[in-house]
Each structure stands twice: as structure tokens, then as C-alpha cells.
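My notes follow in the order I looked things up.

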Amino acid sequence: MGFPVNSYPTVRGFTAIGTGGDDFVHAMVVAVESVIQQPIPEDHVTRKLSSRGKYISVNIGPIRVISSEQGIKWQSIQLQAEGWHENPCH
């Protein structure tokens, strides 16, 4: 039985859900920028408050991931950020 293998470069989108409003959004953008080593354009970041305003959803992407090293760094970020999800972009 084979397992899917990531090939690089690839394009990914990322979603994080958390609390903290703009501070949370900024922290997620900084985390992604630290991996790709370049600024993320503002039009690649969207945010949406939950209906009761307690949580914020941040979507970042599409982002080009160029190596398996970056992929490993993404996994580290995902483990550290509650509600962080990877979404393939098509």
C-alpha cells in the first residue's frame, strides 16, 4: 500500500482558527512568513469573525512551498497553533 508523497514546489493554503483578533491574525502571518522567508501580500490574507465574535478564522494563501524543509516547518507551525489546518490550493 502506497502513501501519498509530497512533491515540490507546490502551492498550499492555510487556515487557522483562534482567539485574539488582529493579534492572532498577525501571529499567523508572521509564522508563515518565517517559513517562506518573504512577505505575504495583503490580498493573500483573509479573516472572518465567528457569528458570536469569539473566534477568528484566518486564511493565508495561496503560498508556494518550495522544499520538504519548508513542509517540515509547516508541520511544526501546525503543531504549535491551535486550529491550524493545511488546505491544498487548486
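I started at Thr10 and found it in strand S1, which spans residues 10-18. The model is predicted, so I read every value here as computed from that prediction. Is Thr10 buried or exposed? Its relative accessibility is 19%, and the cut-off for buried is under 20%, so Thr10 counts as buried. Leaving out residues up to four places away in sequence, I listed its contacts as Ile63, Arg64 and Val65.

Next I checked the strand pairing. S1 runs antiparallel to strand S3, residues 56-65, and eight bridges join them. S2 and S3 make a hairpin, with six residues between them. In that turn I noted Gly53, whose phi is positive at about 80 degrees.

I moved along S3 to Gly61. How far apart are Gly61 and Gly13 in space? I read 4.3 Å from C-alpha to C-alpha, across 48 residues of sequence. Gly61 touches Gly13, and also Arg12 and His44, with residues up to four places away not counted.

Then I turned to the core. The largest nonpolar core holds 19 residues. I noted Val32, Ile40, Val45, Ile60, Ile63 and Trp74 as the residues with the most contacts inside it. S1, helix H1 (22-36), S3 and helix H2 (68-80) each give two or more residues to this core. H1 supplies the largest share, eight residues. Nonpolar side chains tend to be buried together in soluble globular proteins. Beyond its neighbours within four places, Ile63 contacts Thr10, Val11, Arg12, Val32, Ile36, Ile40 and Trp74.

Last, I went through the backbone. Most peptide bonds are trans, and most residues other than glycine have a negative phi. Which peptide bonds did I log as cis? One joins Tyr8 and Pro9, with omega about 0 degrees. Pro9 sits in the segment before S1. Another joins Gly61 and Pro62, with omega about 5 degrees. Pro62 is in S3. I also flagged Gln37, a residue other than glycine with a positive phi near 60 degrees. Gln37 lies in the loop between H1 and S2. I marked Gln37 as exposed because its relative accessibility is 61%.

Key. Residues numbered from 1 in each chain as written. Predicted model: local features only at pLDDT ≥ 70, side-chain atom pairs only at ≥ 80, totals over all residues. Heavy atoms only, no water. Helix = DSSP H or I, 4+ residues; strand = E, 2+ residues; numbered from the N terminus. Buried < 20%, exposed > 50% of the residue type's maximum accessible area, 1.4 Å probe, protein only. Contact = heavy atoms within 4.5 Å. Pairing = 2+ DSSP bridges. Core = buried A, V, L, I, M, F, W, Y, C linked by side-chain atoms within 4.5 Å.
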